[in-house]
Amino acid sequence: MLIRNAHIVNAFDEIQGDILIRGRHIEKIGKNLPLGDLDVTDVIDASGMLVFPGGIDPHVHMHLPTGAGFSSDDFVSGSRAALMGGTTTMIDFVTPRRGMSLTEALRLRIEEAAGCLIDHSFHVSPVEWTPDTALQIRQCIAAGFPSFKLYMAYKDAIGIDDAVMEKVMQTLADAGGMATVHCETGDEVDKLRNELFASGQSGPSSHPLSRPPHTESDAVAKAIAIAEKTSCPLYIVHVSSAGSIEHIRKAKEKGLPVMAEVCPHHLLLDESLYKASFEDAAPFVMSPPLRSETHRKALWDALQTGVIDATGTDHCPFFMSQKERGRDDFRNIANGAGGIEHRLALLYTFGVREGKISLKQFVDLCSTGAAKIFGLYPQKGLIAEGSDADLLIWDPNAEETISAKTHYQNSDINIYEGIKVYGKPEVVIAGGKIAVSRGKLNEGLRGELLRRPVNQ
Ligand code: URP
Ligand code: ZN
């Protein structure tokens, strides 16, 4: 395949040229490349378009078991939605039940993802400390899964305490792994949730009250302190508050290997949405919750100044019927929201078009940053000779109004309902094959399981 007249955007530069793809890889980049043995039908003219590396979403939860049933996208429907929005790689999670080994849970999860349309990998979650945990962690790393997710919240199910976090981080530091952490002080959140419910405040407006910004920033400070003590690389997921940003900024200034992610919903949606009726507020119940303008501004500043390294979606959609489970008790509302399909369009519209971030920063935040952090670079996150041919031919002028009626995510909810976005992939190339062309999806694709190297 030959892409002609491409305006190629990488995280470090923008160049004009042709891209020759052979098999899964980019073979050559140059001006006026010869057609060689290709047919004219193998040529795509990208004039007027932008060409980006395929999006990488490092934080998705397909078919996640929860008290409200499974999150509603599985690996097939979720990867379909990903492709439609320009995401060609995703990293999901292995979340065992307590009592189950990490390696067995990893094996089952790999099987579950077999039908995934895009390249994918996993972070593994130790949800307890047993005599075998350190060995199992080392086995997961040796198998190509060196990133681990620790939950400081959800103590009743998958959350761990600080002592276990320290043991896990020490094991990771010694074995070349890294920790990704959901930072919320779980015990305090549980106490607040129970107090609010006991006082009769049972609706969704109690959700943000039970998880105020300091419950995140205190946890961020704690996670950074343990990471520093154990010399463990740390990636903080879905950062939502100004206080957390301050801790992360200071850690980076100290030279600690601390990285952070932000989700589009925390950048774009306001906490006032929780004040609506149950039907209108419950879709926004996710953790951490939406925040005020002050926090959103701090997140945008952090994106602009490099305190945030990557964006992820925390894609965890549910149907309204699953949210209904918490109609009389906000603690039972299905916790999470979808987002994998529109991350790039939202960042392009409200970041690039509004002049908050450059095109290069956009590529860094949607693809390159995650590729570097999670051991996928330069295979992914880069348009260069030898890299995987995961490319977006992006129409900067396409317009769409986001709606659950038209999206590909498997849910009757879209938290961005009615928001108009600009920019969309006209063509998505994944692993050297056309995955999407002018809104039409190639259902025949199968993504590869990505095994990743240990941290250097
Ligand atoms: O509300 C959320 N974020 N649900 C998914 C699980 C998590 O915390 O990442
Ligand atoms: Zn989380």
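The side chains of Glu111 and Arg107 meet in a salt bridge, with 2.8 Å from N to O; a salt bridge here is a side-chain nitrogen of Lys or Arg within 4 Å of a carboxyl oxygen of Asp or Glu. This is a predicted model, in which local features need pLDDT of at least 70 and side-chain atom pairs count only at pLDDT 80 or more, while totals for chains, interfaces and linings use all residues. Residues are numbered from 1 along each chain as its sequence is written, and side-chain values use heavy atoms, with hydrogens and water left out. The structure holds 32 salt bridges.

- Because Glu111 and Arg107 are four residues apart in helix H2, about one helical turn separates them; helices (H or I, at least four residues) and strands (E, at least two) are DSSP runs, numbered from the N terminus.
- Arg107 counts as partly exposed, at 41% relative accessibility; buried means under 20% relative accessible area, exposed over 50%, and partly exposed in between, with a 1.4 Å probe and protein chains only.

- Asp162 and Lys222 form a salt bridge in which the closest N and O atoms are 3.4 Å apart.
- This pair links distant parts of the chain, 60 residues apart: Asp162 belongs to helix H4 (residues 162-175) and Lys222 to helix H7 (residues 213-230).
- Asp162 is partly exposed at 30% relative accessibility, and Lys222 is partly exposed with a relative accessible area of 37%.

- Lys380 and Asp390 meet through their side chains in a salt bridge of 2.6 Å, N to O.
- Lys380 and Asp390, ten residues apart, are in the loop between helix H14 (359-373) and strand E16 (391-401).
- Both Lys380 and Asp390 are buried.
- Salt bridges with shared partners join Arg24, Asp119, Lys380, Asp388, Asp390 and Glu448 into one network.

**Largest pocket**

- The largest pocket holds about 1,100 Å³ of space; a pocket is an open set of points on a 1 Å grid over the protein atoms alone, where a 1.4 Å probe fits, with protein on both sides within 12 Å along at least five of seven lines, and lining residues have an atom within 4 Å of a point.
- Its lining comprises 47 residues, of which Pro65, Thr66, Gly67, Ala157 and Ile158 lie nearest the centre.
- Among the elements that each supply at least two lining residues are helix H2 (102-112) and helix H5 (186-198).
- By class, the lining has 21 nonpolar, 14 polar and twelve charged residues.

Terms used
Chains lettered and ligands numbered in written order. Points joined across faces, edges and corners; volume = space filled by probe spheres on them. Nonpolar A, V, L, I, M, F, W, Y, C, P; charged D, E, K, R; others polar.
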